[in-house]
Amino acid sequence: MRFTQLLIPTTKEAPSDAVLPSHIYLTRAGYIQSIGSGLYNFLPLGKRVLDNVRQVAKEELDKAGCQEVDLAFVTPASLWEESGRFEKYGKELLRFKDRKNNDFVLGPTHEEMMVNLVRQTVKSYKQLPINLYQIKTKFRDEIRPRFGLMRGREFLMKDGYSFAASEEDMKGDFDLMEQTYSRIFERLGLDYRIVEADSGAIGGSGSKEFMVIADSGEDTIVICDSCDYGANIEAAQRAVVCTEAEEPEISMSSKFKTEGVKTIEALSAFFHVDPYYLVKTVAMKALYDEGESKIVLFALRGSDKLEETKACNAVGANELTEASEEELLSEGLVPGFMGPHALPEGSTIVYDEGLREGKSLICGANETDYHFVGFDLRGVEAAYHDLVAVQAGDGCPRCSGKLKHTKGIEVGHIFQLGTQYSAPLHAEFLDENGKSKPFVMGTYGIGISRLLAAIIEQHHDDKGCIWTKASAPFAVHIIVSNIKKEEEREAGEKLYETLQSKGVQVLLDDRKERFGFKMKDFELIGIPLAVVIGRNLTEGKVEIVTRDGLVKEEIEAAEIVNEVLRRL
RNA sequence: CGGGGUGUGGCGCAGUCUGGCUAGCGUGCUACCUUGGGGUGGUAGAGGUCGCAGGUUCAAGUCCUGUCACUCCGACCA
């Protein structure tokens, strides 16, 4: 395509609210345009990249035997009522009524729709397994959209669903999708990591996330420095902690006056005891369906930190929020001196696994200015769950390596769903024995539009975008230095025609602009390879420039076509 | 939802505190000239209901009330 005919509104200045490189460069280079909170227009360049990413995903999925479908974006609320998510999904689900006053929602994900499709059309085990997907606009009315394409309200997502006759077959589908996703992200040129994940609201038994490693990522992931273990912090495990700290010598169990000592640090200093032997008690307010809530306590070693997602799962709550001081007092709890000892009647407390069989502990006495020394959990019946946030330096649960934290952008998430949706929606098939059984499902997502942002987060410099080969809007960018020089213009046109005839996607900058101006735009737009036709043409030479690293090389003009083809 | 901020030509901003005449600046845009390997220089132009509604005043971008939108931090979130 010719630059003069394309809508590529590049700008020198970034939008004032943009923070991330991907947001800044995609806007400045004319890929996207913000049109409202979390809403973006894709301009010609952006649309080309989006199509490329989509194409890579489609090719690999089709190769894996998945079938593409396209379900309605506007979906009847009745399906959502059937699955129970019409109420549960909350305000993220955009609801509205049609002229007949019927309820509808804009699809934020399509489990209900897909299950409905399959239960109406698939009746026999002979038709299984089947894997259906679509690449389609989704709408989630996010509380706080931000970071450009990273967290929009309207976005493009690939969502796939597998239906199998057995748990075992479903796991096969799941593994196949893991491999397929890996190929997709590899082809796109991304540095990513597959990590174990919390299943969140979607539910199911096992899930893995595909994380693009980038400092600007919103998720914290834990990875091992010597094996390939990786997990979202929400689900990360660690090797059993063995402390070298000396166990305090405690001969009796009793209350101890600890005036004004409210924090773990202060307590540790007060008793000269390692935090490992202190009990940290965290109170949270757990929210449940239909507005119900209660105060719950989580106990862990003073040396550990509470991971909220794990805590939330441990008590089966929808979410956890901070409990106010008044709420604690009304429950008979004493902020600053809470502990598992002498709890008020009816309190809910969950212990971290790390405290199992713990002894010689010091905890709050639930009395102002008092702690309890000699707390002992040996032989005590209690609820134990993994509650800790893995910290950098902890041991890997798989090998002898050390864990460290890094940031990642979630671009894919695969779930083993089981019968979580098929059972309540009565999506069943007949097995070999003529028995009715619910489908065993898996669900798989890729954030297609988010991938554009992820690619740039990982591939940019201080001048602009650096697209990977598979994602770039064009393969080659021809820069005619001075369009008014007839021989330069002609050489550019000829190269443009020749490359196009060989099927290469080419952008020809035929604008009447100065050289520097055009180079800046090339750097901003970020096509991987440029050919500069300029002053050395009189000596029969042109220049080839790689966007990554901006390496320049002089080439004989006669050889340029071959050289370009060689580098694609 | 809690706490801040901002709405003024396409974009980025000043002006508002302390009301006053044709609302400025940079950039972009149009035309012509100039320049031609790193966002040339110049001349002349086009382009604004100052977010919206109401109020105070002789007079409102500026003061008051309400409202909407956007945005940042937090909480939340395949």
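1. Basis of the model. The structure is a predicted model, in which local features need pLDDT of at least 70 and side-chain atom pairs count only at pLDDT 80 or more, while totals for chains, interfaces and linings use all residues. Residues are numbered from 1 along each chain as its sequence is written, chains are lettered from A and ligands numbered from 1 in the order in which they are written, and side-chain values use heavy atoms, with hydrogens and water left out.

2. Overall build. Chain A holds 13 helices and 33 strands, where helices (H or I, at least four residues) and strands (E, at least two) are DSSP runs numbered from the N terminus. Its C-alpha trace spans about 95 × 65 × 45 Å along the principal axes. Of the 568 residues in chain A, 51% count as buried, a term that means under 20% relative accessible area, with exposed meaning over 50% and partly exposed in between (1.4 Å probe, protein chains only). Among contacts (heavy atoms within 4.5 Å) between residues at least 6 apart in sequence, 68% join residues at least 24 apart.

3. Domains. The assignment for chain A, whose bounds come from an automatic or database domain assignment, gives domain 1 (3-71 + 107-233 + 407-457), domain 2 (254-389) and domain 3 (476-567). The centres of domain 1 and domain 3, taken over C-alpha atoms, are separated by 37 Å, and twelve residues of domain 1 are in contact with ten residues of domain 3.

4. Helix α1. This helix (residues 21-28) is mostly covered, six of its eight residues being buried, namely Ser22, His23, Ile24, Tyr25, Leu26 and Arg28. The cover over these buried residues includes β1 (32-36), β2 (39-42), α10, β27 (460-461), β28 (464-465) and α12 (515-525). Just after α1, Gly30 takes a positive phi of about 80°.

5. Packing of α1 on α10. The axes of α1 and α10 come within 8 Å and cross at roughly 105°, the axes being lines fitted to C-alpha atoms, for helices over the stretch in contact, with angles running from 0 to 180 degrees between N-to-C directions. The two helices are therefore roughly perpendicular, since angles of 65 to 115 degrees count as such, whereas those under 35 count as roughly parallel, those over 145 as roughly antiparallel and the rest as oblique. Pro21, Ser22 and Leu26 of α1 meet Leu452, Ala453, Ile456 and Glu457 of α10.

6. Packing of α2 on α10. Helix α2 (residues 44-63) and helix α10 (residues 448-458) have axes that come within 9 Å and cross at roughly 110°, which makes α2 roughly perpendicular to α10. On the α2 side the contact is made by Gly46, Val49, Leu50, Val53, Arg54 and Ala57, and on the α10 side by Ile448, Ser449, Leu451, Leu452 and Ile455.

7. Helix α5. Eight of the eleven residues of α5 (residues 111-121) are buried, so that the helix is mostly covered. The cover over its buried residues includes β4 (74-76), α3 (77-83), α4 (85-88), β7 (130-139), β8 (154-164) and β26 (440-447).

8. Thr281. This residue lies in strand β14 (residues 279-287), and Thr281 counts as buried because its relative accessibility is 13%. Thr281 and Ala299 are 18 residues apart in sequence and 4.5 Å apart in space, C-alpha to C-alpha. Leaving out residues up to four places away in sequence, Thr281 touches Leu297, Phe298, Ala299, Met338, Gly339 and Pro340.
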